[in-house]
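Hi,

Here is the structure I promised to send over. Have a look at it first, and then read my notes below.

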Amino acid sequence: MALSLYVDTARWRAHQKSVIDQFPGLVPVCKGNGYGFGHERLCEEAARFGTDMLAVGTTYEAARIKDWFGGDLLVLTPFRRGEEPVPLPDRVVRSVSSVDGVYALVGARVVIECMSSMKRHGITEEELGQLHAAIEDVRLEGFALHLPLDRTDGSDAVEEVIAWMDRLRAARLPLGTMFVSHLRADELARLQQQFPQTRFRARIGTRLWLGDHEATEYRGAVLDVTRVAKGDRFGYRQQKAASDGWLVVVAGGTSHGVGLEAPKALHGVMPRAKGVARAGLATVNRNLSPFVWAGKQRWFAEPPHMQVSILFVPADAQEPKVGDELVAHLRHTTTQFDRLVDH
């Protein structure tokens with residue numbers, strides 16, 4: 001009995017192809033938990049559609065993934081002098097976001113990150129003049145821009161990239177390849193048309209692997225069902241059942257990521273009101289689970305355990321049976337499955 005990730009493989013791969021067709025030279029991103037699929041599976045998919053480069057999050061991920069993917073590996077986390085050395089093959093390309101970092105990577109293959117409106121990390125315009133000497137001792141693979149997802153100020157992503165292209169050109173730096181993140185296909189095409197001598201390569205993870213929500217589904221298997229009457233005590237904390245119904249033990253607990261949620265940016269009155277309502281219910285131990293039964297998301301009977309969750313299903317609903325599977329609305333990037341089922 002397991003928490004399973006079901007993948008409609010044909011549909012999933014058709015979506016992958018549609019993204020690859022829109023973004024020539026795409027660099028797939030495989031970081032974190034492998035977007036819910038795991039590193040090994042995404043390496044298999046990347047090799048299947050023939051990419052020459054895979055982007056990973058850290059040097060530690062690169063050390064694991066190098067045995068599963070034979071092409072170049074681009075480490076997205078920028079190099080920092082003094083970081084723990086990790087043995088890596090020559091096909092690993094390091095991101096660098098400082099002049100000092102470039103100087104420290106003599107002989108290495110590097111991509112230099114430019115400071116975008118994200119303001120996360122990157123070389124600034126004022127530092128470009130110092131790069132001429134620094135890049136003499138590295139193998140420069142290109143420059144990169146990591147752009148924001150939302151532009152609430154009405155600014156244009158393409159114009160931001162163009163501005164950086166102009167700065168790099170004015171500084172007489174090589175413009176062979178520019179790696180970009182969070183551009184639409186039409187925006188990338190505009191840039192490629194305006195700068196035909198530069199190869200623009202989109203680094204894409206979420207849109208590639210998770211862009212078709214109907215291609216994947218998590219399901220938790222029912223392990224036990226126990227009838228309870230109103231007032232019966234149950235669970236670790238011996239709470240009382242609020243009404244007649246069933247306690248349903250389902251595969252999927254905190255070790256899988258169930259009950260763990262990344263903070264979300266809320267826009268608009270209604271999402272904020274729902275957030276306040278959920279927080280209010282949580283203060284009286286009412287937490288909605290991600291598991292669905294008989295068309296409704298069901299409440300946790302108590303906080304999820306390490307490998308299972310206990311749900312409360314009221315008596316007016318259909319009784320679940322051991323072996324049934326409950327669909328679970330889980331975030332891929334925070335979930336670890338027990339098994340992956342292609343179908």
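**What I found**

The mean pLDDT of the protein (the predictor's confidence in each residue, from 0 to 100) is 93, and 92% of the residues reach 70 or more. Where pLDDT is low, the predicted coordinates should not be read in detail.

Some housekeeping: this is a predicted model, so local features need pLDDT of at least 70 and side-chain atom pairs count only at pLDDT 80 or more, while totals for chains, interfaces and linings use all residues. Residues are numbered from 1 along each chain as its sequence is written, and side-chain values use heavy atoms, with hydrogens and water left out.

Helices (H or I, at least four residues) and strands (E, at least two) are DSSP runs, numbered from the N terminus. Let's start with helix α1, residues 9–22. Its 14 residues should span 20 Å at 1.5 Å a residue, and the end C-alpha atoms are 20 Å apart, which agrees; the expected span is 1.5 Å times one less than the number of residues. T9, W12, H15, Q16 and V19 of α1 are buried (under 20% relative accessible area; exposed is over 50% and partly exposed in between, with a 1.4 Å probe and protein chains only). Down the axis of α1, these buried residues fall within an arc of 130°, so they line one face of the helix; the arc is that of the directions from the helix axis to the C-beta atoms. An α-helix has 3.6 residues a turn, so residues three or four places apart point the same way. A10, K17 and D21 are exposed on the other side of α1. The cover over the buried residues of α1 includes β1 (3–7), α2 (39–48), β9 (199–204), α8 (206–210) and β18 (339–342).

Helix α7 (residues 185–194) has E187, L188 and L191 buried. Seen down the axis of α7, they sit within an arc of 100°, so they line one face too. They pack against α6, β8 (177–181) and β9.

In the loop between β8 and α7 you'll find H182. H182 is not a glycine, yet has a positive phi of about 70°. Most residues other than glycine have a negative phi. With 34% relative accessibility, H182 counts as partly exposed.

Now the inside. A nonpolar core here is a set of buried Ala, Val, Leu, Ile, Met, Phe, Trp, Tyr and Cys residues joined through side-chain atoms within 4.5 Å. The largest one has 87 residues, of which F37, L131, L168 and F200 touch the most other members. Helix α6 (residues 157–170) gives the most to this core, with seven residues. Beyond its neighbours within four places in sequence, L131 is in contact with V99, V102, I112, I123, F143 and L173. There is also a second, separate core of nine residues, with A241, L247, V249 and V308 among them.

Finally, some strands. β14 (residues 288–293) and β15 (residues 296–300) pair antiparallel over three bridges; pairing needs at least two DSSP bridges between the strands. L288 stands opposite W299 in β15. The two strands form a hairpin with two residues between them, and A294 in the turn has a positive phi of about 55°. β15 also runs antiparallel to β16 (residues 308–314), joined by two bridges, and F300 stands opposite L311 in β16.

Cheers

Note on methods. Contact means heavy atoms within 4.5 Å.
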